[in-house]
Amino acid sequence: MQSLSSRTSTFTDSVIRRMTRIANACGAINLSQGFPDFDPPAALTERLSQVALSGPHQYAITFGAQNFREALSDKQAHFSGLRYDPQKEMVVTCGSTEAMMASMMSVCNPGEKVVLFSPFYENYSADTILCGAEPVYVPLDPETLEFDANVLEDAMKQPGVKALVLCNPANPSGKVFTHEELSVIASLAVKYDLYVITDEVYEHIVFAPHKHTYIATLPGMFERTIECSSLSKTYSITGWRLGYVLACESIMERIKKVHDFLTVGAAAPLMEAAVTALRFDDAYYAELQAHYTHMKNLFVNGLRNLGLRFREPQGAYFVLIDIGEFGYGKRSSNWTNDAELPDAKFCKDMAEKVGVAAVPGSSFFREPVDHLIRLHFAKRDETLMDALNRLENLKKIKR
Ligand SMILES: Cc1ncc(COP(=O)(O)O)c(C=O)c1O
């Protein structure tokens, strides 16, 4: 047999989704893959049951149903002050996952480069490689999560660099980029004429006093920002697979073509039902913030009481916990399989012996970081309490 594609041999399957399989196999509470175990808003599911009878059930127009795009345009204008034209400047995708892939494919030629902050959400490096492009990593300090502007500039000015990916608020670190940091990124993007592809799926999950700034609103950025986001996290509907890209018309024309051939379109009945959510008023978003702040406080206070070390998240719904004290050590220089990494072994032991599943931090870092694991807290109080009770047994896996 001939060999399969060389591009797809250079990355592993998703470690996050692998941990979900391990959690399911050993009955662990799954705090690895980030999705809620509480229901979406009732108004949304009620509307979905009406749509089941009334339709639509056939393909929507490829770039997304008209009423969905109009509602999205209004919502975005309300929150960012930027009004995207529903006809020319948006496309509805199968989650932010497709939005990022379609954007990256529209921007990059094989051999070009894309700047990523490390740690990063694992899809980005795979997306880059699938486009035939090469990731260039800029480290965030694991303690402070700050970046060095000189290192960023050195990366952005490399020949062949076409774009920077910005996940804000960030998975896995919980970092919310400040206005000042975004201004540095924006001015470098303008200086070196780069696109900024954003992943803003956690735009509405930000903990006070931190605030979300849309980088597209900064000077010179509307024309070069490709904003990807999703309804998955904002309305607790990760399984509906509804996301979107917002960008100026000349960029959007390309992204629409890629999207058309990748997936044809997002699910028509789900788009129809989701219009209800896009038209929720401010009270919904205030309640969402309050709910996530409650879950975050419950969980991090519990972790603190257990004596665990971590950095409090500013946004999104993840905590990176330092497992250095558990004695799993550092990676050997000749490791070949990521399941052999110390944090991966720790996560396997934790799932099997403590009953809580986490993601090894090494899957998010380019640098050899082995002492962090990621847990998420988008869960009901009972689930979080149960997980915290189980985590009391962590000392059992201390080496
Ligand atoms: C940063 C980030 N982007 C994208 C996704 C996936 O989004 P979607 O469900 O819209 O594809 C996730 C899911 O965990 C995520 O954390």
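Visitor: How many Å separate the centres of domain 1 and domain 2?

Guide: The centres, taken over C-alpha atoms, are 24 Å apart. Domain 1 covers 7-39 + 283-397, and domain 2 covers 42-278; such bounds come from an automatic or database domain assignment. This is a predicted model, in which local features need pLDDT of at least 70, side-chain atom pairs count only at pLDDT 80 or more, and totals for chains, interfaces and linings use all residues. Residues are numbered from 1 along each chain as its sequence is written.

Visitor: How many residues of domain 1 are in contact with domain 2?

Guide: Two residues are in contact if their C-beta atoms, placed from the backbone, lie within 7 Å. Here 30 residues of domain 1 are in contact with 29 residues of domain 2. On the domain 1 side, the elements giving two or more residues are helix H1 (15-26), helix H10 (282-305) and S10. H10 gives the largest share, five residues. By class, this side has 18 nonpolar, six polar and six charged residues. Ala, Val, Leu, Ile, Met, Phe, Trp, Tyr, Cys and Pro count as nonpolar, Asp, Glu, Lys and Arg as charged, and the others, Gly among them, as polar.

Visitor: In what order do the four strands of the open sheet lie?

Guide: Strands of a sheet pair through backbone hydrogen bonds, either parallel or antiparallel. Two strands count as paired if DSSP finds at least two bridges between them. The open sheet has the order S9-S10-S13-S12, with antiparallel pairing. Its edge strands, S9 (309-310) and S12 (359-360), each pair on one side only. Inside that order, S10 and S13 (residues 372-376) pair over five bridges. Asp 322 stands opposite Leu 372 in S13.

Visitor: Which strands run parallel to S6?

Guide: Strand S5 (residues 161-167) is joined to S6 by five bridges, and the two run parallel. Leu 166 stands opposite Thr 198 in S6. Between S5 and S6 the chain passes through helix H7 (residues 179-191), a right-handed β-α-β crossover. Right-handed is meant as follows: with the strands pointing away from the viewer, the path from the first strand over the helix to the second runs clockwise. Strand S7 (residues 225-230) also runs parallel to S6, with four bridges. There, Thr 198 stands opposite Glu 227.

Visitor: Are the residues of S6 buried or exposed?

Guide: A residue is buried if 20 or more other C-beta atoms lie within 10 Å of its own, exposed if 12 or fewer, and partly exposed in between, with C-beta atoms placed from the backbone. In S6 (residues 195-199), five of its five residues are buried. Tyr 195, Ile 197 and Asp 199 point one way, while Val 196 and Thr 198 point the other way. Thr 198 is buried because 26 other C-beta atoms lie within 10 Å. Leaving aside neighbours within four places in sequence, its contacts are Leu 166, Asn 168, Ile 215, Thr 225, Glu 227 and Cys 228.

Visitor: Why is strand S3 described as largely enclosed?

Guide: Five of the six residues of S3 (residues 113-118) are buried, so the rest of the structure largely encloses this strand. S3 runs parallel to S4 (residues 134-139), joined by six bridges, and Ser 118 has Pro 139 as its bridge partner in S4. With helix H5 (residues 123-130), S3 and S4 make a right-handed β-α-β unit. Four bridges also join S3 to S5, again in parallel; Lys 113 has Val 161 as its bridge partner there.

Visitor: Why does Ile 255 count as buried?

Guide: Ile 255 counts as buried because it has 25 C-beta neighbours inside 10 Å. Ile 255 lies in helix H8 (residues 249-263). Not counting residues up to four places away in sequence, Ile 255 touches Val 91, Ala 102, Ser 103, Ser 106, Val 245 and Ala 247.

Visitor: Which residues are closest to the ligand?

Guide: A residue is near a molecule if its C-beta atom, placed from the backbone, lies within 6 Å of it. Here 13 residues surround the ligand, and the closest are Gly 95, Ser 96, Thr 97, Ser 230 and Ser 232. Helix H4 (residues 95-107) gives the most to this shell, three residues. By class, the shell has three nonpolar, nine polar and one charged.
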